[in-house]
There are 2 protein chains.
Amino acid sequence: MNSKYAPIGVFDSGVGGLTVAKEIMRQLPNERIVYFGDTARVPYGGKSKETITKYTKQIIRFLQTYDVKAIAIACGTVSACSLEEVEKELDIPIIGVLKPGSEVAVDKTKNKRIGVIATESSIHSGMYQKYIQEIDHQIQVFAKACPLFVPLVEEGLWEDPVTTEIARRYLQELKEQDIDTLILGCTHYPLLIKTIGDVMGDDVTLVNLAYETAADLKKLLESRGLLNVAATEDYEVNYRFFVSDVADKFRSFAESILSDVKFSTDTPFITKQINIEAF
Amino acid sequence: MNSKYAPIGVFDSGVGGLTVAKEIMRQLPNERIVYFGDTARVPYGGKSKETITKYTKQIIRFLQTYDVKAIAIACGTVSACSLEEVEKELDIPIIGVLKPGSEVAVDKTKNKRIGVIATESSIHSGMYQKYIQEIDHQIQVFAKACPLFVPLVEEGLWEDPVTTEIARRYLQELKEQDIDTLILGCTHYPLLIKTIGDVMGDDVTLVNLAYETAADLKKLLESRGLLNVAATEDYEVNYRFFVSDVADKFRSFAESILSDVKFSTDTPFITKQINIEAF
């Protein structure tokens with residue numbers, strides 16, 4: 001068992017997981033983070049379960065070289081396709097984004113009609129339906145893959161007429177199903193929250209995985225006696241970011257997403273490139 | 001030296017290279033093809049030169065297990081970023097898409113103003129400018145990265161108002177530069193040729209890498225005595241397709257792109273998944 005001063009491992013196929021990392025920084029301000037973004041093999045959303053699980057195991061082996069005390073999978077696709085398989089083999093706590101998101105959606109819905117938007121591989125896994133119906137089998141789940149959302153986010157078109165038009169097409173069938181709650185099932189999607197909210201209207205509650213996952217991680221660490229409640233003299237909060245390719249591009253994206261986070265040092269984070277295939 | 005009955009290796013990061021494979025089938029109807037699409041790591045267009053070259057070397061090692069007599073790089077990004085490095089190490093002919101495309105563009109332009117559209121990594125390499133200005137240093141080259149075109153093609157929006165709007169934005173600055181010739185510098189882009197043509201107007205000649213590369217490959221094989229001019233009794237033309245992930249999805253895309261190719265057998269091609277990282 002690693003000490004409560006050990007860092008938390010957080011990973012994603014790329015930059016989307018930074019929305020989760022940011023929430024962890026906000027809700028768990030004394031925790032160190034080691035972040036990995038698989039920018040050499042991004043995106044995961046159209047890949048097979050076997051390939052995604054292979055990549056996930058390499059990343060977990062890498063994070064364990066930093067003696068992480070827990071791991072947060074900050075990627076909807078990995079949480080849907082690979083969490084069940086990898087958690088069996090791990091002796092530290094690991095958390096995905098699907099379960100926290102599903103629990104909150106079940107709590108919020110009044111008409112028992114929940115929508116889920118995510119990548120193709122996530123929707124294809126059927127895991128959202130499984131989690132939600134395990135809690136309440138009377139709930140109907142309407143799932144829709146939105147493959148262009150990730151490239152649109154990566155291109156910076158967070159609020160743009162083109163993104164609105166694509167969102168209108170993807171979300172039309174969910175609107176017709178009269179859902180009252182919509183899970184943003186991919187960690188890129190919070191960056192589109194204004195566009196998605198405008199299309200869905202005020203009557204639909206949007207569930208943001210980043211917020212819920214950080215809250216659940218906090219509870220999990222508390223229950224295991226692993227939460228670091230206060231910084232000490234010898235301990236400094238730090239954030240390390242690793243990627244498998246194009247570190248400069250990642251860094252500028254990270255700086256934009258994390259721009260309103262208050263860091264305790266002048267050099268809040270370093271970014272390094274590593275060869276993930278070697279793990 | 002492999003015999004003229006040996007297959008040609010053709011590869012791409014994914015499905016875009018099928019536009020080149022199709023032209024090879026049409027212009028070199030007696031040639032066998034072994035095609036590889038790196039669907040586990042697609043897209044390459046935003047990745048670094050080092051990573052793209054590493055992936056390219058693995059793919060070439062895989063193709064050589066089929067004793068290919070020549071290799072056609074059916075990917076603009078690999079041709080721009082990695083051809084120069086890998087061709088030094090090879091003892092069979094290898095051809096990319098940039099040089100044939102550049103030569104034709106130089107031949108077509110009258111006002112000596114050529115535009116190039118391609119992925120971020122291709123444009124960043126500066127290789128189009130280099131090839132074109134080596135032929136004629138008076139030509140001005142205007143290059144523009146179009147990162148959303150590949151996801152739009154992969155999503156099937158080949159002719160769609162959203163694609164037209166994105167094309168209008170990307171191409172505006174090239175129109176303002178008064179180019180008379182535009183190289184479609186990514187093998188996905190021929191699938192958008194109608195949209196791009198409509199935006200650019202009739203006065204701009206579009207250069208399609210697929211056609212030119214197949215024509216150049218034919219000349220190259222002829223000059224080396226490697227062209228297979230006629231099928232014999234013991235020899236049957238066949239096409240084998242390999243991918244690193246999601247073979248089913250690749251296959252349905254391939255069937256759509258190759259739908260108007262006439263095959264000589266009832267089962268024109270097989271598709272298999274392999275572990276490319278092992279090569």
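Modeller: A residue is called buried when its relative accessible area is under 20%, exposed when it is over 50%, and partly exposed in between, with a 1.4 Å probe and protein chains only. By that scale Glu165(B), at 22% relative accessibility, is partly exposed, and Arg168(B), at 44%, is partly exposed as well. This is a predicted model, in which local features need pLDDT of at least 70 and side-chain atom pairs count only at pLDDT 80 or more, while totals for chains, interfaces and linings use all residues. Residues are numbered from 1 along each chain as its sequence is written, chains are lettered from A and ligands numbered from 1 in the order in which they are written, and side-chain values use heavy atoms, leaving out hydrogens and water.

Side chains of opposite charge can pair when their charged atoms come close. A salt bridge is a side-chain nitrogen of Lys or Arg within 4 Å of a carboxyl oxygen of Asp or Glu, and the structure holds 34 of them over all chains.

Glu165(B) and Arg168(B) form one such bridge, with 2.7 Å from N to O. Both residues belong to helix H9 (residues 161-176) of chain B, where they are three residues apart, about one turn of the helix. Helices (H or I, at least four residues) and strands (E, at least two) are DSSP runs, numbered from the N terminus. Through shared partners, salt bridges join Asp160(A), Glu165(B), Arg168(B) and Arg169(B) into one network.

Another bridge pairs Lys69(B) with Glu31(B), the closest N and O atoms being 2.6 Å apart. Lys69(B) is in the loop between helix H2 (49-64) and strand E3 (70-73) of chain B, and Glu31(B) is in the loop between helix H1 (18-27) and strand E2 (33-37) of chain B, so the pair ties together parts 38 residues apart in sequence. Lys69(B) and Glu31(B) are both buried.

In chain A, the side chains of Lys22(A) and Asp260(A) meet in a salt bridge of 2.9 Å, N to O. This pair links distant parts of the chain, 238 residues apart: Lys22(A) is in helix H1 (residues 18-27), and Asp260(A) is in the loop between helix H12 (247-257) and strand E10 (269-273). Lys22(A) is partly exposed, with a relative accessible area of 24%, whereas Asp260(A) is exposed, at 56%.
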